Amino acid sequence: MTNFKRTILALIIASAAIISPAQENLSALLPIPEKIECRTGEKAFDLKYAAITINDCEDSPYIKEELERIIEERTGIKVCSSKGKKSIEIVLSEEKGKEEYSIEIDSRHIRFTGGSEAGIFYALKTFDQLLLGDAINSNEGKVAPIHIEDSPRYGYRAVMLDPARHFLPVEDVKQFIDRMACYKYNVLQLHLTDDQGWRIEIKSHPELTEKGAFRNPKGGNNGPDNGYYTQEQIKELIEYAAKRHIEIVPELDIPGHSAAILAAYPELGCPFRHGDAKEIGKVTNMMLCASSEKAYKVYEDIIREVAQLFPSKRIHLGGDEAAVKDNWAQCEECLALMRSAGYKKPSQLMNIFFGRMLEYVRNNGKEAILWCELDNMWPPANDYLFPYPKDVTLVTWRNGLTPKCIELTRNNGHKLIMAPGEHTYLDYPQWQNDLPEFNNWGMPVTTLQKAYELDPGYGLKDSEQEHIIGVMATLWAEAIKDINRVNYMFYPRGLAIAEAAWSGMEQRSWESFKKRLYPNLYELMKQGINFRVPFETGGK
Ligand code: TNX
């Protein structure tokens, strides 16, 4: 063959590889399952001519609908419920963990076994990826024999959306939830309050949304600057997510990040700042006053309503980036309170402030989560006056501080969620000079590979990481104005984090992930979901 012909042939092969979806049944599995055994040599299960029985899971018709939808979408075949020679079985087994599942496929049977409906749901999501990856078999209505056993590394696999900075309408959040579920995420944290907006209806204090949800007089009612979720809409979202085995955790950020509530109730801030302008979205560094009785009273009401609304056992109360020196340190009432408590530093008032706020959470039968702050809130050991109460779950997030945070939380008996900025902050650009146009952090870059490199256990011995309960990807939205941008920032890095949260380190590899990414990107494209093309993963 001449060099020219060889080049042409290579180009044809290369373009075929790009255009055609993957052709092998493992190629779209993401997150990668724990144990996979391909039964090569055995005949495929034929969906086409078989009458298929789906064991009725009576109390969960959704599972059956999902299975029928997956088969029809991937193969064009409508399964029929009459008895036939070939069966698809769905089995619940007490021997498996809640989210654990197996898939067994041979020429005559397909069996999905799950420890609960969640396990079955994940089995179906994996089955969907088997069909997606094995395009040639799927086009013929066939499924290659295989045996998969799978269970998650972590029970808490979260994404945080930030409708406070830019409001996301209900339908957009639902679309995001649909895709999260495909990658086995099971928690959606909603950052509902910040300087830029108050996004949840509180019936006992309607001013919160009347004033706090609208920062742009010409901006309409449904994003990006304005808008809030009514309690009815929140219920609708909770139900929609629960069907997909996703729990919604509400976040109310206190005592900082509170310009929106202060715009509605200036008297919750320190008295010396009562007269300051409180323009939502323009003013930052304002705090609730540690000595304002009304602040405690209003939050007691808010926490009660939020606790009743959300079935989640957890409420996130923020606790990050509180500008103590601009507020409590200059407030006579706070300084008097500090002295009467025998404290030396205004930041120690966190003890009193969260001492009361956390009590409201407990009184409502819930557990609190807080962002882990080592400077303000958790002074070094020799100045150890605000240890977080042990029942608080902490989230590590600040760049560079995660190893310290893992150690301190372990020594103090806290549960820890891993959201280290270096890997999981998906508001950072994905490549030098890529979007967003601005962010707060002097533009560090979190490439797809950097996101993938997250080992949530930070390479520690098992005994040193037992307190880590999960992982969270965050989509801070100062520069994210709508769901298309959310998706662009999330995909594909959100797939890397999904695998870090679900799969054990022994199963994971960047080289394998890169390959499994392509059919999934193809699928996102087909669904009309925005993503960044990870051109850097091309080539050898
Ligand atoms: C820090 S992370 C914040 C957020 C910002 C984010 C921007 C955290 C607990 N606080 O308020 O949106 O940085 O990356």
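Start by selecting Asn433, which is exposed at a relative accessible area of 76%; exposed means over 50%, buried under 20% and partly exposed in between, with a 1.4 Å probe and protein chains only. Asn433 sits in the loop between H13 and H14. Its phi is positive, about 70°, although Asn433 is not a glycine. Most residues other than glycine have a negative phi, and most peptide bonds are trans.

Before going further, note that this is a predicted model, in which local features need pLDDT of at least 70 and side-chain atom pairs count only at pLDDT 80 or more, while totals for chains, interfaces and linings use all residues. Residues are numbered from 1 along each chain as its sequence is written, and side-chain values use heavy atoms, with hydrogens and water left out.

**Still in the loop**

Select Val445, in the loop between helix H13 (421-424) and helix H14 (448-452). Helices (H or I, at least four residues) and strands (E, at least two) are DSSP runs, numbered from the N terminus. Val445 is partly exposed, with a relative accessible area of 28%. Leaving aside residues up to four places away in sequence, Val445 touches Pro429, Gln430, Trp431 and Gln432; contact means heavy atoms within 4.5 Å.

Go to Glu321, in the loop between strand E13 (314-318) and helix H10 (332-340). Here phi is near 45°, a positive value in a residue other than glycine. Glu321 counts as partly exposed, at 37% relative accessibility.

**Two cis peptide bonds**

Select Leu30 and Pro31; the peptide bond from Leu30 to Pro31 is cis, with omega near 0°. Pro31 is in the loop between helix H1 (3-19) and strand E1 (35-38). Then select Gly223 and Pro224, which are joined by a cis peptide bond with omega about -5°. Pro224 belongs to the loop between helix H6 (207-212) and helix H7 (231-243).

**A covered strand**

Select strand E9 (residues 156-161), where six of six residues are buried. Which way do the side chains point? Tyr156, Ala158 and Met160 point one way from E9, and Arg157, Val159 and Leu161 point the other way. In a regular strand the side chains alternate between the two faces of the sheet.

Show the neighbouring strands next; two strands pair if DSSP finds at least two bridges between them. E9 runs parallel to strand E17 (residues 468-475), with six bridges joining them, and parallel to strand E10 (residues 187-194), with four bridges.

**A helix pair**

Select helix H2 (residues 61-75) and helix H3 (residues 117-133), whose axes come within 10 Å and cross at roughly 5°. H2 and H3 are therefore roughly parallel to each other, a term for angles under 35 degrees. The contact includes Tyr62, Ile63 and Leu67 of H2 and Ile120, Phe121 and Leu124 of H3. By class, this contact of H2 with H3 has eleven nonpolar, one polar and six charged residues. Ala, Val, Leu, Ile, Met, Phe, Trp, Tyr, Cys and Pro count as nonpolar, Asp, Glu, Lys and Arg as charged, and the others, Gly among them, as polar.

**The whole chain**

Finally, zoom out. The protein chain has 17 helices and 17 strands, and 57% of its 540 residues count as buried.

Technical notes. Axes are lines fitted to C-alpha atoms, for helices over the stretch in contact, and angles run from 0 to 180 degrees between N-to-C directions. Angles under 35 degrees count as roughly parallel, over 145 as roughly antiparallel, 65 to 115 as roughly perpendicular and the rest as oblique.
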